[in-house]
Amino acid sequence: MKLYEALFLLDADAKPETGHEEFLQDLLKRQGATVVSTDRWGERKLSYEIAHKKRGLYFLIHFEAPPAAIAEISRACHLSPVILRELILVDEDGVAKAKAD
């Protein structure tokens, strides 16, 4: 299992049944990931419209997952009407582990 850092941009107007943070954690857990830390950056104005939206919610999540799960996580994000964008990177510096300790 590798450590990953993901930044999610969610539609600020969409209201998932479980809440935004729980929605993201559930999405990751369904793909076999273990969430290490979650940081809500809040709602911000977008520099340009994405899917006709001018505001979005940002979440930074550190998680552990097998490398094969990243493609499925990305696919699930693209299929979700709540998630506007996602960026998933390998956390080579171990920032998440340092935060957790």
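At 0% relative accessibility, Phe63 counts as buried (buried means under 20% relative accessible area, exposed over 50% and partly exposed in between, with a 1.4 Å probe and protein chains only). The model described here is predicted, so local features need pLDDT of at least 70 and side-chain atom pairs count only at pLDDT 80 or more, while totals for chains, interfaces and linings use all residues. Residues are numbered from 1 along each chain as its sequence is written, and side-chain values use heavy atoms, with hydrogens and water left out.

Leaving aside neighbours within four places in sequence, Phe63 is in contact with Lys2, Leu3, Tyr4, Ala6, Leu28, Ala33, Thr34, Val35, Val36, Ile70, Ile73 and Ile88 (contact means heavy atoms within 4.5 Å). One of these, Tyr4, is also buried, with a relative accessible area of 5%. How many aromatic pairs does the structure hold? The structure holds 1 aromatic pair. Tyr4 and Phe63 form this pair, which is stacked, at 5.6 Å centre to centre and with 25 degrees between the planes. For such a pair, the ring centres of Phe, Tyr or Trp (its six-membered ring) lie within 6.5 Å; planes under 30 degrees apart count as stacked, over 60 as edge-to-face and the rest as tilted. Tyr4 lies in strand S1 and Phe63 in strand S3, so the pair ties together parts that are 59 residues apart in sequence. Helices (H or I, at least four residues) and strands (E, at least two) are DSSP runs, numbered from the N terminus.

The strands can now be put in order. The 4 strands form an open sheet in the order S2-S3-S1-S4, and the pairing is antiparallel (two strands pair if DSSP finds at least two bridges between them). S2 and S4 stand at the edges with a single partner strand each, so one side of each is left without a neighbour in the sheet. On average, neighbouring strands of this sheet are turned by 20 degrees against each other, direction ignored. Axes here are lines fitted to C-alpha atoms, for helices over the stretch in contact, and angles run from 0 to 180 degrees between N-to-C directions. S1 and S3 pair in the antiparallel sense over 10 bridges, and Ala6 stands opposite Ile61 in S3. S2 and S3 also pair in the antiparallel sense, over 11 bridges, and the bridge partner of Glu43 in S3 is Leu57.

Two helices accompany the sheet. H1 lies across S1, S2, S3 and S4 and runs at about 45 degrees to S3. H2 packs on the sheet, touching S1, S3 and S4, and its direction makes about 165 degrees with that of S4. Which residues of H1 are buried? In H1, these are His20, Phe23, Leu24, Leu27 and Leu28. They cover an arc of only 130 degrees around the axis, which puts them on the same side of H1 (the arc is that of the directions from the helix axis to the C-beta atoms). The buried residues of H1 pack against S1, S2, S3, H2 and S4.

In soluble globular proteins, nonpolar side chains tend to be buried together. Here, the largest nonpolar core has 24 residues, and those with the most contacts inside it are Phe8, Leu10, Leu24, Leu28, Phe63 and Ile73. The elements that give two or more residues to this core are S1 (2-11), H1 (20-30), S3 (53-65), H2 (69-79) and S4 (83-90). Apart from it lies another core, of 5 residues, among them Leu9, Ile50, Tyr58 and Leu84. A nonpolar core is a set of buried Ala, Val, Leu, Ile, Met, Phe, Trp, Tyr and Cys residues joined through side-chain atoms within 4.5 Å.

The loops complete the picture. Most residues other than glycine have a negative phi, and most peptide bonds are trans. S2 and S3 form a hairpin with 2 residues between them. Ala51 has a positive phi of about 55 degrees although it is not a glycine, and this residue is exposed, with a relative accessible area of 53%. His52, in the loop between S2 and S3, has a positive phi of about 65 degrees, again without being a glycine. His52 is exposed as well, with a relative accessible area of 75%. Just after H1, Gly32 takes a positive phi of about 90 degrees. Gly32 lies in the loop between H1 and S2 and is partly exposed, with a relative accessible area of 40%.
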